[in-house]
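Please read the following report beside the sequence and the model, and look up each residue as it is named.

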Amino acid sequence: MKDTQQKQLGATLWGIADKLRGAMNADDFRDYMLSFLFLRYLSDKYEEAAKKELGSDYLRCEEEIKRIFIAGKQNEAINLIKERAADYFSKQQLEDNAKNMIMEEHLASLESEKLTPLMVWYNDNLDQVSTFEKQMRRKVHFVIKPHYLWSNIYELARTQNKYLLKNLQAGFKFIENESFDSTFRGLFSEVNLDSDKLGRNYESRNTMLCSIITEIAEGLSEFPTESDILGDAYEYLIGQFAAGSGKKAGEFYTPQQISTILSRIVTLDSQDPSTGKKKQLKNVLDFACGSGSLLINVRKQLGANSIGQIYGQEKNITTYNLARMNMLLHGLKDSEFKIFHGDSLLNDWDILNEMNPAKKLVCDAVVANPPFSYRWEPNDTLAEDFRFKSYGLAPKSAADFAFLLHGFHFLSDEGTMAIILPHGVLFRGGAEAKIRTKLLKDGNIDTIIGLPANLFFSTGIPVCILVLKKCKKFDDVLFINASEYYDRGKRQNVLLPEHIDKIVDTYQYRIEDDKKYSRRVSMEEIEKNDYNLNISRYVSTAGEEEIINLADVKKNLDEIEDTISKAKATHNQFLKELGLLELP
């Protein structure tokens with residue numbers, strides 16, 4: 001049932017996005033849509049936890065609201081709450097400016113003229129709010145004021161309230177700077193609520209936001225609020241927006257089917273995958289994490305509380321924000337993951353720059369889908385970098401091996417790394433050949449998987465997965481040629497579950513499949529091929545050439561020649577009888 005709900009919710013939300021974005025670029029509308037979905041998730045989680053924390057007090061507030069509603073005295077109740085709040089703040093030992101600012105923010109919760117249990121409790125217990133919020137930070141790791149919760153935002157939108165935009169701006173700012181103990185600064189930096197794309201003035205922007213939020217709220221109202229359902233709906237939307245983004249999609253999205261292959265591989269036992277999944281992973285790293293789907297997929301394979309810490313790095317600011325939201329939407333606490341905005345090639349994250357071997361970050365799983373054949377600027381300083389020094393620098397024209405070596409450096413001795421790269425890394429010469437040769441001689445390349453073409457939104461080229469280990473059991477290299485096993489889609493080719501299972505099972509049990517799908521190749525054979533790893537050299541899907549008997553061919557040709565001569569003679573006889581020229 002859950003899978004059906006997720007698909008229905010995703011389709012509903014995409015329908016809303018398609019309907020409302022109008023002339024707005026899909027990438028721009030994506031940021032609004034996903035941010036509102038994120039706010040809805042945080043709000044539901046906070047209100048659910050608050051209800052549990054306050055217990056009978058919360059229920060009393062609910063009953064009080066029902067009585068007020070039945071009596072039709074909402075306005076009187078709101079005015080009374082305002083009076084109580086004004087009286088409370090007037091007695092506080094605060095400077096006038098600070099007092100006015102706090103009162104103004106507090107009373108903003110009543111602009112929607114709709115009472116919620118949490119709103120009523122806050123106003124009935126103003127002296128206990130600070131203690132309550134400290135407790136909530138311990139329980140759910142964040143706080144949201146009642147007037148910034150989705151229920152209040154939706155009411156402002158539904159009633160076309162002129163303060164919606166201002167309240168939403170303040171709410172986003174609060175979540176970025178105050179909701180979490182750890183910093184989430186800039187989380188909504190790419191969501192420009194003052195953009196002309198929403199409208200030419202405040203009123204038109206406010207009206208547009210009212211429409212968007214109302215549609216989203218009503219679309220969501222028919223579905224349950226579990227984090228995994230909302231999280232998967234978020235992933236679905238990212239995928240749909242990626243489909244319309246063309247090459248830009250490569251910056252933030254790895255198709256789920258490929259993500260599943262990588263995550264299933266790295267969660268298997270590294271020494272002997274046939275024994276099954278590991279129960280725990282010390283740390284997991286994706287140094288080009290995009291929207292975080294690969295990291296989330298690894299976690300799904302093992303379940304909650306199975307990974308010590310999740311680490312992700314992303315250079316693009318918009319995608320970095322998507323990743324942070326995605327983590328929270330899938331039920332991770334902010335203490336369970338660290339996502340850094342920076343450049344992996346320059347290694348500008350302090351956590352990954354520790355020179356003391358005893359403090360170095362090591363990860364039991366490293367996954368990545370870095371940009372293919374990315375142009376970079378290697379220099380003398382990078383040549384001495386601890387990640388590259390023993391291997392050499394990848395060429396300026398393609399940083400593929402630079403990305404690989406970056407991730408490989410942080411792989412633990414008991415870990416597995418799976419990285420998606422273009423086929424060129426398997427056979428290109430020069431500096432790349434030297435790096436490839438050293439990795440092979442050191443026994444670090446375990447498996448090479450060739451995938452079908454046109455699986456990505458960002459490129460139609462076929463790509464491969466390299467599986468690397470620092471301490472591997474087998475002294476050969478497993479080649480899997482899955483290039484012809486796929487289902488043809490409208491825009492992209494698709495790997496069906498049976499295709500994914502075949503790849504993973506072949507890796508897990510190191511299956512040799514009649515040399516046409518998979519084969520274990522000795523290092524001696526690879527050495528004879530000058531360490532060229534072009535998959536077709538070792539596993540070819542081409543049919544065997546038919547053996548031709550030249551004597552039979554000659555006999556057939558002679559028979560054909562004889563038939564032609566007889567036909568020609570007969571034809572000439574007819575021409576002669578008709579008095580026409582005969583054929584030469």
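Helices (H or I, at least four residues) and strands (E, at least two) are DSSP runs, numbered from the N terminus. On that basis, the protein chain has 22 helices and eleven strands. The model is a predicted one, in which local features need pLDDT of at least 70 and side-chain atom pairs count only at pLDDT 80 or more, while totals for chains, interfaces and linings use all residues. Residues are numbered from 1 along each chain as its sequence is written, and side-chain values use heavy atoms, with hydrogens and water left out.

A residue is called buried under 20% relative accessible area, exposed over 50%, and partly exposed in between (1.4 Å probe, protein chains only). Of the 584 residues in the protein chain, 52% are buried. Contact means heavy atoms within 4.5 Å, and among contacts between residues at least 6 apart in sequence, 74% join residues at least 24 apart.

Helix α6 (residues 117-124) has seven of its eight residues buried, so this helix is largely enclosed by the rest of the structure. Among the buried residues of α6 are Pro117, Trp121 and Tyr122.

Phe479, which lies in strand β8 (residues 476-481), counts as buried because its relative accessibility is 0%. Leaving aside residues up to four places away in sequence, Phe479 touches several others, including Ile448, Tyr517, Val521 and Leu533. Ile564 lies in helix α22 (residues 550-577) and, at 48% relative accessibility, counts as partly exposed.

Rings of Phe, Tyr and Trp (its six-membered ring) pair if their centres lie within 6.5 Å, and planes under 30 degrees apart count as stacked, over 60 as edge-to-face and the rest as tilted. A search of the whole structure finds 19 aromatic pairs. One of them is the stacked pair of Phe172 and Phe188, with 4.0 Å centre to centre and 5° between the planes. Because Phe172 lies in helix α9 (residues 164-179) and Phe188 in the loop between α9 and α10 (202-220), the pair ties together parts that are 16 residues apart in sequence. Both Phe172 and Phe188 are buried. Elsewhere, Tyr46, Phe142, Phe180, Phe184 and Phe337 form one aromatic cluster.

A charge sits over a ring if NZ of Lys or CZ of Arg is within 6 Å of the ring centre and within 35 degrees of the ring normal. The table lists two such cases.

| Charged residue | Ring | Distance from ring centre |
|---|---|---|
| Lys438 | Tyr391 | 5.5 Å |
| Lys502 | Tyr517 | 4.2 Å |
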